[in-house]
Amino acid sequence: MPDLTPPAPPQERRLVTAIPGPRSLELQARKEAAVSGGIGVMLPVYAVAAGGGVLVDVDGNSLIDLGSGIAVTTVGNAHPRVAAAVARQVAAFTHTCFMVTPYDGYVEVCEALNRLTPGEHAKRSALFNSGAEAVENAVKIARHATGRDAVVVFDHAYHGRTNLTMAMTAKNMPYKDGFGPFAAEVYRAPMSYPFRDGCDGATAAARAIDVIDKQVGAANLAAVVIEPIQGEGGFVVPADGFLPALAAWCRANGVLFVADEVQTGFARTGELFACDHEGVVPDLIVTAKGIAGGLPLAAVTGRAELMDAPHAGGLGGTYGGNPVACAAALAVVEAIETEDLVARAAGIGARLTARLTALQARDPRIGDVRGRGAMIAVELVRPGTLEPDADLAKRVATAAHAQGLIVLTCGTWGNVLRFLPPLSISDALLDEGFDVLEEIFASLA
Ligand SMILES: *Cc1c(COP(=O)(O)O)cnc(C)c1O
């Protein structure tokens, strides 16, 4: 088998046209004529190559990647190990449907998930195509296993765009507006949001549990579904103790504790999974994004007796656990383990946090610096208040894009800048990127 891996693009920020350049603008005009207006684009720079810490566009610009395609290319884009595994698998066979005639890659990915996810108990996994699909299946499994209907989610939650996951997602615009009616039996509890509520974890957990107990009732509740660090909602890290208290209450009440680690999983936060930071062991854990280096794959992993509760044929799908995606996932696990990427994520987190807290000390518009590992954000406010400054976040992001940085925003109020660099990025590129960001903050004074 020839090595089909293209060489990684030069690791540099290089701007040869305006951003977006003329070729990107041409493609964007075609996009507008051909692609549904419902599919938005944050930065219309059309990619031709990506790897390490950069993305190269059709005009020859090279941008520093601080987004990883929303926490997906965690091991690096077109990682050589992933590219080789995918090429091998594509040449062997591309699909059989695991439910018709199975293959070992699917089983091996489930074995890896069972081994790597939190907890030493007997586990099983099931594979799907997207984060939303996997969240839906976690709810199906929880309902089947408990015989209960209700599901509790949290303020600022994001769980996807399908009908059930829209109901579970908190934010109206752009995710829900005009797309109802939404699925029933989904209830929302207050999140722990230390920057805004000033509560410790125990207090915030008591507040959430009181709402759940009084408004839903434990006996009706199948599952509590929570992102251990919220993603789209603003990289909200709950106060220490919040997740363990919630998990303990779930256990005491026969309610399943379901961790949506779609964004936080697979080394992103400086642990393999964000639940590991506090030793929380979920009954079910949902993974996707970083799992397969850019190929579409998602999973639900959990206690064997829960995962085995549904009847054969009750779970699945035509493409779930596609062999090419499974080959990529196995290569991702190898890359994480052989390249010590968990430690790399922690190192990136320390580096970014140090820089951003130094910037915060000089710039009162940065109300909060938070996150773990290579999942770090700043929340922008009017100085001295908690009033969100979405306009500033937008201006910083726009200026960053123009200068060749791929930076994303998030948060219920759109006032959070989030940083999700691939773990393959060099310190030099990271430093350059944050030098540019510091200049932008100074220039927008
Ligand atoms: C992205 C995301 C999802 C949805 O994943 P898709 O693959 O886009 O369907 C669900 N939960 C969280 C926490 C996410 O970040």
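Student: Which residues in α9 do G201, A204, A205, A208, I209 and I212 in α8 meet?

Tutor: This is a predicted model, where local features need pLDDT of at least 70, side-chain atom pairs count only at pLDDT 80 or more, and totals for chains, interfaces and linings use all residues. Residues are numbered from 1 along each chain as its sequence is written, and side-chain values use heavy atoms, with hydrogens and water left out. Helices (H or I, at least four residues) and strands (E, at least two) are DSSP runs numbered from the N terminus, and contact means heavy atoms within 4.5 Å. By that rule, the α8 residues you list meet F242, A245, L246 and W249.

Student: How many residues of the contact of α8 with α9 are nonpolar?

Tutor: Ala, Val, Leu, Ile, Met, Phe, Trp, Tyr, Cys and Pro count as nonpolar, Asp, Glu, Lys and Arg as charged, and the others, Gly among them, as polar. In the contact of α8 with α9, no residue is charged and 1 is polar. The nonpolar residues number 9.

Student: At what angle do α12 and α14 pack?

Tutor: Two packed helices are described by the angle between their axes and the distance between the axes. Axes are lines fitted to C-alpha atoms, for helices over the stretch in contact, and angles run from 0 to 180 degrees between N-to-C directions. The axes of α12 and α14 are 11 Å apart, and the angle is about 20°.

Student: Is α12 roughly parallel or roughly antiparallel to α14?

Tutor: Angles under 35 degrees count as roughly parallel, over 145 as roughly antiparallel, 65 to 115 as roughly perpendicular and the rest as oblique. The angle for this pair is about 20°. Therefore α12 and α14 are roughly parallel.

Student: How many charged residues does the contact of α12 with α14 have?

Tutor: On the α12 side, R344, R351, R355 and R362 are among those taking part, and on the α14 side, D427, D431, D435 and E438 are among them. By class, the contact has 7 nonpolar residues, no polar ones, and the charged ones number 8.

Student: Is C97 buried or exposed?

Tutor: C97 lies in the loop between α3 and α4 and has a positive phi of about 75° although it is not a glycine. Buried means under 20% relative accessible area, exposed over 50%, and partly exposed in between, with a 1.4 Å probe and protein chains only. At a relative accessible area of 9%, C97 is buried.

Student: Which residue does a cis peptide bond join to P181?

Tutor: Most peptide bonds are trans. P181 is in the loop between α6 and β6. Omega of its cis bond is about 5°, and the partner is G180.
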